[in-house]
Amino acid sequence: MNNQIFRLSTIKELVIEGESREKIEYYVFQACQSLEKITIESRNLKSISNDVFSNCVNVKEIHMDLSKCTSVGASAFQFSKAYDSGNTTTQWYSLEGEKIVDLTSMKTFSERAFASSNIGSAKIV
């Protein structure tokens with residue numbers, strides 16, 4: 001996926017299929033203000049670039065496996081409800097539906113990568 005390919009679109013639900021996706025590029029879904037649900041099916045995701053989901057203000061659910069992810073870029077979710085400290089509606093889930101995010105493989109936490117997140121539980125080693 002190239003940079004900014006869906007930026008400012010009116011997409012409501014996002015499902016990225018397939019086990020082979022390892023990276024989500026810069027700004028791909030930035031400011032998709034109608035986006036409500038994100039599902040990334042890959043269990044091999046290693047990197048989420050800067051501002052991928054920034055300003056996606058209506059996200060209610062995020063389903064993804066971050067157990068192999070080693071870096072999340074700066075402001076990847078900044079200004080989205082997923083990272084609004086006052087938000088109580090956005091929920092993070094593993095692909096199995098558990099409310100815990102496994103960050104044990106994370107090597108690089110960029111600035112604001114998980115700022116004000118509504119992650120219920122995180123596992124970090």
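**Briefing: core, strands, ring pairs and salt bridges**

The largest nonpolar core has 24 residues. I24, F29, L35, I38, I40, F53 and M64 have the most contacts inside it. Such a core is a set of buried Ala, Val, Leu, Ile, Met, Phe, Trp, Tyr and Cys residues joined through side-chain atoms within 4.5 Å. β1, β3 and β5 (61–64) each supply at least two residues of this core. In soluble globular proteins, nonpolar side chains tend to be buried together.

This is a predicted model, in which local features need pLDDT of at least 70 and side-chain atom pairs count only at pLDDT 80 or more, while totals for chains, interfaces and linings use all residues. Residues are numbered from 1 along each chain as its sequence is written, and side-chain values use heavy atoms, with hydrogens and water left out.

**Confidence**

- The protein averages a pLDDT of 78, and 72% of the residues score at least 70. pLDDT is the predictor's confidence in each residue, from 0 to 100.
- Confidence is highest in β2, at a mean of 92, and lowest in strand β10 (residues 122–123), at a mean of 62.
- Over residues 83–89, pLDDT stays under 50. The model has 14 contacts beyond four places in sequence for this stretch. A contact means heavy atoms within 4.5 Å.
- Where pLDDT is low, the predicted coordinates should not be read in detail.

**Strands**

- Strands (E, at least two residues) and helices (H or I, at least four) are DSSP runs, numbered from the N terminus.
- β1 and β3 pair in the parallel sense over four bridges. Two strands pair if DSSP finds at least two bridges between them.
- Within that pairing, E13 stands opposite K37 in β3, and V15 stands opposite T39 in β3.
- β3 is also joined to β5 by four bridges, and these two strands run parallel. Here K37 stands opposite E61 in β5.
- β1 has a covered face with L14 and I16. Its uncovered face holds E13 and V15.
- In a regular strand the side chains alternate between the two faces of the sheet.

**Aromatic pairs**

- Rings of Phe, Tyr and Trp (its six-membered ring) pair if their centres lie within 6.5 Å; planes under 30 degrees apart count as stacked, over 60 as edge-to-face and the rest as tilted. By this rule there are three aromatic pairs.
- F6 and F29 are stacked, because their ring centres are 5.3 Å apart and their planes lie at 10°.
- This pair links distant parts of the chain, 23 residues apart. F6 lies in the segment before β1 (13–16), and F29 in the loop between β2 (23–24) and β3 (37–40).
- F29 is buried, at 0% relative accessibility, whereas F6 is partly exposed, at 32%. Buried means under 20% relative accessible area, exposed over 50%, and partly exposed in between (1.4 Å probe, protein chains only).
- Y26 and Y27 are tilted, because their ring centres are 6.3 Å apart and their planes lie at 40°.
- Y26 is partly exposed at 32% relative accessible area, and Y27 is partly exposed at 28%.
- F6, F29 and F53 form one aromatic cluster. F29 and F53 are also among the core residues with the most contacts.

**Salt bridges**

- The whole structure contains three salt bridges. Each is a side-chain nitrogen of Lys or Arg within 4 Å of a carboxyl oxygen of Asp or Glu.
- K46 bridges to E22, with the closest N and O atoms 3.6 Å apart. K46 sits in the loop between β3 and β4 (47–48), and E22 in the loop between β1 and β2, 24 residues apart.
- K46 is partly exposed at 37% relative accessibility, and E22 is partly exposed at 40%.
- E25 bridges to K23, with the closest N and O atoms 3.9 Å apart. E25 is partly exposed at 24%, and K23 is partly exposed at 35%.
- D65 and R43 meet in a salt bridge at 3.4 Å, N to O. D65 lies in the loop between β5 and β6 (71–72), and R43 in the loop between β3 and β4, 22 residues apart.
- D65 is buried, with a relative accessible area of 13%, whereas R43 is partly exposed at 32%.
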